[in-house]
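Welcome! Let us take a friendly walk through a protein model together. Please have a look at the sequence and the structure below before reading on.

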Amino acid sequence: MAGGSSNYWEDLRKQARQLENELDLKLVSFSKLCTSYSSSRDGRRGDSNSDTTPLLNNSTQDRMFETMSVEIEQLLAKLTGVNDKMAEYTSTPGVTSLNAALMHTLQRHRDILQDYTHEFHKTKANFLAIREREDLLGSVRKDIETYKSGSGVNNRRTELFLKEHDHLRNSDRLMDDTISIAMATKENMTSQRGLLKSIHSRVNTLANRFPAINNLIQRINLRKRRDSLILGGVIGVCTILLLLYAFH
């Protein structure tokens with residue numbers, strides 16, 4: 001009965017690891033899709049002659065986005081189900097002696113699931129925001145082009161307006177990049193500060209628990225300084241004697 005329970009637990013762990021590996025690959029591809037979507041939009045805006053290709057590319061990328069979103073949601077649901085089964089197993093009578101180790105393993109898989117879920121929703125939200133913003137800007141550009149072609153006037157004011165629009169778009173993208181870098185830097189510095197505080201606290205704790213070690217270290221340092229002074233004095237006296245002997 002114990003062997004069967006152990007095999008059941010191992011099967012659940014194998015399923016969880018397999019689903020986690022699949023999710024990791026899917027999320028990497030999903031993130032690349034979001035990046036390529038933004039890059040392709042920026043590139044196509046610079047090519048005024050490509051009137052049909054952007055529509056085809058956008059449609060293809062939108063279909064890929066929907067398909068990958070469904071696949072990732074299904075994998076997350078499966079992994080959630082496996083974690084629930086693992087949680088049920090840990091509360092089963094007869095596995096109390098191994099409960100601590102099992103709960104540690106279960107918590108690790110839950111943390112991985114939470115990280116993947118957060119990453120998926122963040123990437124999906126970024127993709128939708130980029131698509132909505134690009135569609136809005138594309139609509140504005142299309143209206144401007146329609147107005148230009150309908151009026152038949154290609155005057156200096158319209159050209160300046162388009163250039164200003166492009167400048168604003170570039171400034172908006174640079175601001176987004178700068179804010180992202182600043183947020184990442186802030187998170188990194190916060191993490192390092194917490195780590196340094198933890199190390200400092202541990203050192204203080206050890207020093208408070210073992211005051212004899214501090215006394216011993218201070219004595220060693222004093223003795224090292226004393227020996228250095230004695231050695232320096234001996235070397236100085238020997239040098240003076242050698243100089244006196246050399247000149248007499």
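The report below starts with the whole chain and then visits a few places in it.

**The chain as a whole**

What you see is a predicted model. Its chain contains five helices and zero strands, so reading from the N terminus gives the order α-α-α-α-α. The chain has 248 residues, and 21% of them count as buried. Among contacts in the chain with a separation of 6 or more, 80% are between residues 24 or more positions apart.

In soluble globular proteins, nonpolar side chains tend to be buried together. Here, the largest nonpolar core has 27 residues, and Leu-23, Ile-72, Leu-76 and Met-86 have the most contacts inside it. At least two residues of this core come from each of helix 1, helix 2 (53–90) and helix 3 (99–151).

Leaving aside neighbours within four places in sequence, Ile-72 is in contact with Leu-23, Lys-26, Leu-27, Phe-30 and Phe-120.

**A lysine in helix 1**

One of those partners, Lys-26, lies in helix 1, which covers residues 2–45. Is Lys-26 buried or partly exposed? Lys-26 counts as partly exposed, because its relative accessibility is 28%, between the 20% and 50% cut-offs. Beyond its neighbours within four places in sequence, Lys-26 is in contact with Met-68, Glu-71, Ile-72 and Leu-75. With Glu-71, the contact includes a polar one between the two side chains, at 2.6 Å. Leu-75 is 49 residues from Lys-26 in sequence, yet their C-alpha atoms are 9.5 Å apart in space.

**A threonine in helix 3**

Thr-105 lies in helix 3 and is buried, with a relative accessible area of 12%. Not counting residues up to four places away in sequence, Thr-105 touches Trp-9 and Arg-13.

**Salt bridges**

| Residue pair | N to O distance | Relative accessibility |
|---|---|---|
| Asp-176 and Arg-133 | 2.7 Å | Asp-176 29%, Arg-133 27% |
| Arg-169 and Asp-172 | 4.0 Å | Arg-169 6%, Asp-172 31% |
| Arg-226 and Asp-227 | 3.9 Å | Arg-226 47%, Asp-227 40% |

Salt bridges that share partners join Arg-133, Arg-169, Asp-172 and Asp-176 into one network. Arg-169 is buried at 6% relative accessibility, whereas Asp-172 is partly exposed at 31%.

**A patch on the surface**

Which residues make a nonpolar surface patch of about 380 Å²? The patch is made by Val-237, Ile-240, Leu-241 and Leu-244. Of these, Ile-240 belongs to helix 5, which covers residues 211–247. Ile-240 counts as exposed because its relative accessible area is 52%, and the cut-off for exposed is over 50%.

Key. Residues are numbered from 1 along each chain as its sequence is written. This is a predicted model: local features need pLDDT of at least 70, side-chain atom pairs count only at pLDDT 80 or more; totals for chains, interfaces and linings use all residues. Side-chain values use heavy atoms; hydrogens and water are left out. Helices (H or I, at least four residues) and strands (E, at least two) are DSSP runs, numbered from the N terminus. Buried means under 20% relative accessible area, exposed over 50%, partly exposed in between (1.4 Å probe, protein chains only). Contact means heavy atoms within 4.5 Å. A polar contact is a pair of N or O atoms within 3.5 Å; within protein, one must be able to donate a hydrogen and the other to accept it, and residues adjacent in sequence count only if both atoms are side-chain atoms. Patches are made of residues with over 30% relative accessible area and no salt bridge: like charges are joined within 9 Å, nonpolar side chains (Val, Leu, Ile, Met, Phe, Trp, Tyr) within 5 Å. Accessible areas come from the Shrake-Rupley method with a 1.4 Å probe; for residues, only the protein chains shown count as cover. A salt bridge is a side-chain nitrogen of Lys or Arg within 4 Å of a carboxyl oxygen of Asp or Glu. A nonpolar core is a set of buried Ala, Val, Leu, Ile, Met, Phe, Trp, Tyr and Cys residues joined through side-chain atoms within 4.5 Å.
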